[in-house]
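Please take a walk with me through this protein, one stop at a time.

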Amino acid sequence: MAIESQVSTPLGPPACEKDAKALEFIEEMTRNTDAVQERLLAEILSRNAETEYLRRFRLKGATDRDTFKANVPVVTYEDLQPEIQRIANGDRSPILSSHPISEFLTSSGTSAGERKLMPTIHEELDRRQKLYSLLMPVMNLYVPGLDKGKGLYFLFVKAETKTPGGLLARPVLTSYYRSEHFKTRPYDPYNVYTSPNEAILCVDSFQSMYTQMLCGLIMREEVLRVGAVFASGLLRAIRFLQLNWQQLAHDISTGTLNPKITEPSLREVISKLVKPNTQLSEFITKECSEDNWEGIITRIWPNTKFLDVIVTGAMAQYIPTLDYYSAGLPLSCTMYASSECYFGLNLKPMSTPSEVTYTIMPNMAYFEFLPHEPNAPALSRDSPPRLVDLADVEVGKEYELIITTYAGLNRYRVGDILQVTGFYNAAPQFRFIRRKNVLLSIDSDKTDEAELQKAIENATALIKEFNTSVVEYTSYADTKSIPGHYVIYWELLVKDPANSPTDDVLNQCCLAMEESLNTVYRQGRVADNSIGPLEIRVVKNGTFEELMDYAISRGASINQYKVPRCVNFTPIMELLDSRVVSVHFSPAAPHWTPERRR
Ligand code: AMP
């Protein structure tokens, strides 16, 4: 509830003293967007003036926007790869940043099949922490009483590796959860989790999920919000409950802990929490043994006010399933962030997913915007693109996000396309439109057209000896099952029907495709269990011609018609599925190790 003595901020009456400060900070940043950006760029440029990278562009000590824009090129990860590789190999000279690179954050975006390595510096943790500290004060404006209970959040760490030069390489959230900022965070009644740190920090994904679910069940009546980072993660937790509720109910009934929980510090903490509770165990058994799991989240956690998961962008595909399991609880998307940099937050966290906008905070990095014109010619160094500043973007227009960070990314293309929906004070608010070049995505995997094409080529090598080729293909991210999986539709040309590829060969084609896909996909299949086996659906000859006829009947031009390499429009799916002649699944998991191959 709002505190009496506190003056209301323009965003609303703060719930407590701490919230008032956070809301004031948001006001200050959003009112002074342009000045903050100008100052921040000057700070980055003066601090990194002597880096090898910036020296190349002869800024001669200038720290203003015009000189910066006129001299420093817009780049992609591939452009920076040589510098990043040198840092990874152990070169400690100031190449990109004057402050030492403290570790690499492994993005779910890939380059040549491997995760991108994003350089970061120690102080970035403070910047991320600052953004996190703004989320609850905003949420408290919309949902009162969150200090009266807990949040059941399924949070996980992932495998870490070291680069040849000895720097850690790990996902940004793993880095954050392992930091002192997270582990020794001060008690905040508005932000209490059911999961102990030991459960979140356990690298074994089964033990981590099991204990987090167990704690969530034990504290079921205290739970006021349920969440995960992305929608796919929360659905994986529901699937986990479907598969493991008997053992969980057994632990609760007997007050013992599943022997599969072997991590000593985790066992110690969780054992203290599990007490025999027959009533709770019977309740879980009754609810979970029902065939109908509709509304299971609200049945088990009846005081849940909202689900806190990102459902914008690729995650929008999970909204119907989340609605089903939660009986339509509000979905809250609180922030927009990446391994390169955390960007901003949603100032109206209870808005419906289609209306979600993110306000980029001008203190996080220097932001520029490349007007997104799908048919514009590729960028060239001779005709530099006109980039717009954060305060100058126009409502209704779409832009590609370009960032300059303290850690040494200069005018770096993130690959996200955003649309301006309006302003809060002088800060623009953006709808996340999509990530460029992503065809298929189930969890954090992102597969582009070139990767899919390569995977198809590799798989078709197996059917060559049967005198068979793939004449056309398309794909679909099937998220109806949990975990979701890739479906590839193939139309085959079988030249020798007496010797056509066997079922087994086509199953092997599924695996060959998986082996060719990038490391994030394979990690999802092998380590995280967040992606199911790839499926090939062989369709009747002539199906893709029918697909073209359908598109033309709806107004596509015959001359310009291209087979869509990914589909999700219901009539097209129905057409394809009605022509399926055989279905094949990958018979095994592809290879994956945390180590990089390059
Ligand atoms: P990563 O580099 O693996 O951390 O992934 C970061 C990317 O995830 C961003 O560049 C976006 O494409 C996507 N992403 C992050 N937050 C959101 C969000 N709130 N809504 C939609 N997409 C998001």
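Helix α19, made of residues 543-553, packs with helix α20, residues 570-578, and the angle between them is about 155°. Their axes lie 10 Å apart. Angles over 145 degrees count as roughly antiparallel, so α19 and α20 are roughly antiparallel to each other. If you look at how they cross, you will find that the crossing of α19 and α20 is right-handed. Please bear in mind that this is a predicted model.

Now turn to another pair of helices. Helix α10 covers residues 205-218 and helix α11 covers residues 231-254, and the two pack at an angle of about 70°. Here the axes are 9 Å apart. An angle from 65 to 115 degrees counts as roughly perpendicular, and therefore α10 and α11 are roughly perpendicular to each other. The crossing of α10 and α11 is right-handed.

Next comes the ligand. How many residues surround the ligand? There are 16 of them, and the closest are S108, T312, M335, S339 and D416. Sorted by class, this shell has 7 nonpolar, 6 polar and 3 charged residues. Which element gives the largest share of the shell? That is β9, with 3 residues.

Let us look at some individual contacts with the ligand. In the side chain of S108, an N or O atom is 2.5 Å from an oxygen atom of the ligand. Y358 places a polar side-chain atom 2.9 Å from a nitrogen atom of the ligand. R435 has a side-chain N or O atom that is 3.0 Å from a ligand oxygen atom. How much of the ligand does the protein bury? Taken alone, the ligand exposes 500 Å², and the protein buries 90% of that.

Find the loop between β17 (468-478) and β18 (485-494), where P483 lies. The peptide bond that joins I482 and P483 is cis, with an omega of about -5°. Then go to the loop between α3 (52-55) and α4 (65-71), where K60 is found. K60 is not a glycine, yet K60 has a positive phi of about 50°.

Definitions and conventions:
Residues are numbered from 1 along each chain as its sequence is written. This is a predicted model: local features need pLDDT of at least 70, side-chain atom pairs count only at pLDDT 80 or more; totals for chains, interfaces and linings use all residues. Side-chain values use heavy atoms; hydrogens and water are left out. A residue is near a molecule or strand if one of its heavy atoms lies within 4 Å of it. A polar contact is a pair of N or O atoms within 3.5 Å; within protein, one must be able to donate a hydrogen and the other to accept it, and residues adjacent in sequence count only if both atoms are side-chain atoms. Accessible areas come from the Shrake-Rupley method with a 1.4 Å probe; for residues, only the protein chains shown count as cover. Helices (H or I, at least four residues) and strands (E, at least two) are DSSP runs, numbered from the N terminus. Ala, Val, Leu, Ile, Met, Phe, Trp, Tyr, Cys and Pro count as nonpolar, Asp, Glu, Lys and Arg as charged, and the others, Gly among them, as polar. Axes are lines fitted to C-alpha atoms, for helices over the stretch in contact, and angles run from 0 to 180 degrees between N-to-C directions. Angles under 35 degrees count as roughly parallel, over 145 as roughly antiparallel, 65 to 115 as roughly perpendicular and the rest as oblique. A crossing is left-handed if the near helix is turned anticlockwise from the far one by less than a right angle, and right-handed if clockwise.
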